[in-house]
Amino acid sequence: MTSPAEAARFGWLRPDALAIAAGALLAAVAPLERFDYVARGLTASSLADAAPSGQVLLVTASPEALRDGICERALPGLLERGRARGALLIPPADAFCAGDAAARGALDGDRAAPVVRMPPGLLRLSAGEVVGFSPLAGEERAAELAALGVSAAPWVIKKAPQSVPAVSLSALAEGEVPASALEGRVAVIGVGSGGVPPQAVATSALPPAKGVAAVLGGLLDGGRRASAPAWAPALFVLLAGGFVWFARRRHGSLVATAALFLATFALAAGQSALAARAEASLLPLPSTLFGLAVAFAGVMILRGIGIQRAVDRAAELIQRAALFRMQGVHTLPDAEFWPRVARLAEQAHPADLVLVAELPAGSWHLRFWNDQRGGESLVAERRHDVRRPPYSSEQGVPAVRLARRFLTKQDMPAVVVPLIAFGEIEGYVFFCGPVAEATYSREPERAEHVGRELALLLRRKRLARTAEETGGESRAGHAPTDDLVEGARVALDDLQLFGSMLRNAPVGLLYADAFGDVRFVAPEFARWLRARDVTVPVESASSALPPGSLTLGDVLGATSAGSAAVSLSSVMASDDGIELSVSAPEPAVLSVRPLRRESDGSSWIAGYVAALIPVKQPAPVSGNVRPLAARDATDPLCAFQLGDVVADAVASAARATGRAVRLEPIRGATHALGHRGELAQVLEAFLTDVASRGLPGHGPVVSVREATHGVQLSILDVGFGLGLPESALQRVLTAPGAAPAGLEPLGRLILAVEDSHGHAELKTNDGWGITLTVTLLKAHPRVGVAPHEGGKPAAQQNVIAIGRASPK
C-alpha cells in the first residue's frame, strides 16, 4: 500500500487532471494543422480594417482598353508624373502593361518607379481569399517587390474592399482623375469591367486584384500577423480546464457545462482582441478547442463514468441484497406477492387446488389473484361477499368450514379458511379437492394454523406499506443518493455476512424466506439434495437462488419419513422446529426451524432455516470385542400410538413375504412411551422373519391392547421355535445382544423394548407354538388450553378446551 506522503505526491494523477494535461499538450502540438490554417485566415479576414488606405491604389483597365495598348502607353508617364511608389501588375494585366514600362524602368534606374509582375506563388490563399504573401527566396524580383513593400507575411489584417481607393486606367490617362492620386502609393494594376460608375470601380475588379490590393494595403499599414507561441493555447487549456474542474467539483455538471461555454466564448473574444493589436497572436483555434474538449471529457465524462460505475455497482448490490431481505414482503407488487402466498399455502396444506383472495380495505367483496389454473372462474358464488355463506356462517361469523358447492365443479369440496389477524379479515385461502377434505377431516387444526400464519403475513404487509406511504412525505427532502449509498453499504455487509456464513459453517445450511422459497443453500446441502434427485438450480456468485426455483416443501419431500411428519405445517406449528433422521448418502440429522419475529404483541414467521448435521459413526473396536447394536441418538423417547406402529409393521411384513400376517382389532388407546423409530424398525424386521419361517397357512397373529399396568403387544406364532431347545430361548432372554443363529431379530426386538423401559416375555405353549408378549409404559395424552390470540382464554374461566397437542 502507498504511504500518505506518496498518495499526496501523486494525488494529481487522477483521470480529470491527466485529461486537462493531455488537452493542453494537444493544444500546444496543434494536430489539426489544416483546420488551424483556415481558422487563422478567417480570423484575419474577419478583422478587416475599414479605414481608407493611403498606401495602395487599385487601378483597373477594361479588356478593350488593354487591347488598345493604353496601359503600355500611359502607365509609365502616369507613374512618373504622379510620383508613385511603383506598380504591381496582376495577371492577366501584366501581359499588356509590362513591355515598354519595364524596359524604361531598367534604363532610368533609380529615378523610375518599379513596375513588377506578380510572381505566381506569391499569394497565400485561405477559403478562396487572399490572406497574405509567401516568402520568395531566390526570386529575381524579390528586391523590386521589397521596394513596393511586399514581403513574406502568412496572414494580414487586410483592408476592407470598400476602403481601398480605386480608379480606372482610362480616367487617369484622360485626365479625369489627376495623376497626383498616385503620389506615394503602390498602383495595383488589374483587369476590371468597363463602363461602370466611378464608385463601383473597386468592386468591378476581377480576382485576385481586389484581394491583393486589400492585403497589400493592410500590410503597408502594419497589419502583418503570425502564429502565437505554442505555450499560449496550452496555457489557455490549462486555465479553462481548471475552471471547468472547479465548477464541476463545487456546483455540479450543469454549472461545469456553462463554464465550458463561457471558456469557449472567452477564447473567441480573446482571439479577436489579440489579433487586432499584436502581431504574433493568431491561435490554432480548432486544435485549442479540441484540447479543451479533451479536458472537458476528462473532468465530466470520465468522472461521470466512474460515478456511473459506482452507482451501477451499488444498485447491483442492492438488487442482490433484496433477495435476502426478510422484511421486504411489503415492497413486492401485488401481482408477485399473492401468487407467492398461494405457493406457501400449497406447501403447508395438501390440496388439489389452492385459491387465495384479498379483502381490500373498506370493502366486503373479495378479489381473487391466482387465476393461472382457472382461479376465480371456478368459484360458483359470484358476489364474493364475505358476509354471506360460504365465507361466513349463517350468523355472519367467519370460521374454517368445509363447503360442498363452493366451486362450479359440484363434486369438488373446498375448505374455506378466513385469514383473520387481530380480529380483522385480511383475505381468504381455499383448499380444494378430495385431498384437502381428507386432510381437514384428519387434522382440522392444520388449516387453522396455516390460516393464522398467512393472516399475520398479510397484516404485516399492509401495515408496513401504510407506514412507508405515510413516511414518504417526511422524507421528501431526503437526497436519493444518500439512500443509494446507505443501501449499498448495508447490502455489502449482508452479502459478506451471508457469504462467510455459507462458506465457513461446519454443517450444511439452508435459508428460506417467509414464503417458503429457498434463497440460500450451502454447497454441502446442495450435494445432499442432488443425491436425492432434487433439482437444485445453479447458484449465483453470492450463492443466492431466485424465488420459486426451490421450495422448502421440496426439501422436506426429499426425506424418507412419512409425509405427515415432514410437512411444512409441522414446522410452522413448532417454535423449536423438527428434526428428521436421514441415512443416505450418509447418516445425518435434518433440522428445520422457523424464524419468528415479534412486534406489537404478535409473532409471525419471517423465514426458515435448515441444517444438515452429520452423525458421527462410532469408533472401531478391537477385533475380539463384539459391540452391541447402538440405538440411533436422534430417536428421542416420546409418546406415540403403538397401534399405528404395529399396523404399519404388519402391513410391511405381509408385503415383503407374501404371506398372511393377522392383526387382531386394537383395544384401547394404546398410547405408549418409547423410542418410536427404533421399535418400528426392529418390529418390522422381526415380523418379516417370523412370517417367512412359519408353516404355510399358519402365519403369526398380532394383537395390541391397553392393560392396567401398560400397553401390551402379543405375537402368537404356531411354527416359530420348532426344534429349538428351551435353553436357546432362555439365552435370548438373558443375553439378547448375543442371540443364537436364527434368533437375531428376536434379540434386537428385546433390546429395543428394554431401551424403551419395557420388558418382554416368551412362553411356550404345548402344541400351539410360542407367544411373545411385550409390555411398554403407558403414556397419558396431554391436555391443552386453547388460548385467544391476545393471550386470554377463549371461553369462560370454568370452561377448559381439551384437544390434541400440537405435533413436535
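Hi everyone, a definition to start: contact here means heavy atoms within 4.5 Å. This is a predicted model, where local features need pLDDT of at least 70 and side-chain atom pairs count only at pLDDT 80 or more, while totals for chains, interfaces and linings use all residues. Residues are numbered from 1 along each chain as its sequence is written, and side-chain values use heavy atoms, leaving out hydrogens and water.

Let's begin with the sheet. Five strands form an open, antiparallel sheet in the order β12-β11-β15-β14-β13; strands are DSSP E runs of at least two residues, helices H or I runs of at least four, numbered from the N terminus, and two strands pair if DSSP finds at least two bridges between them. At the edges sit β12 (367-368) and β13 (401-403), each pairing on one side only. Strand β11 (residues 353-358) is joined to β12 by two bridges, and Glu358 has Arg367 in β12 as its bridge partner.

Now the helices on that sheet. Helix α16 (residues 434-442) lies across β13, β14 (414-421) and β15, at about 150° to β13; axes are lines fitted to C-alpha atoms, for helices over the stretch in contact, with angles from 0 to 180 degrees between N-to-C directions. Helix α15 (residues 334-348) lies across β11 and β15 (424-432), at about 140° to β11.

Is Arg459 buried or exposed? Arg459 is buried, because its relative accessible area is 14%, and buried means under 20% (exposed is over 50%, partly exposed in between, with a 1.4 Å probe and protein chains only). Leaving aside residues up to four places away in sequence, Arg459 touches Ala421, Phe422, Glu424 and Glu426. Thanks, everyone!
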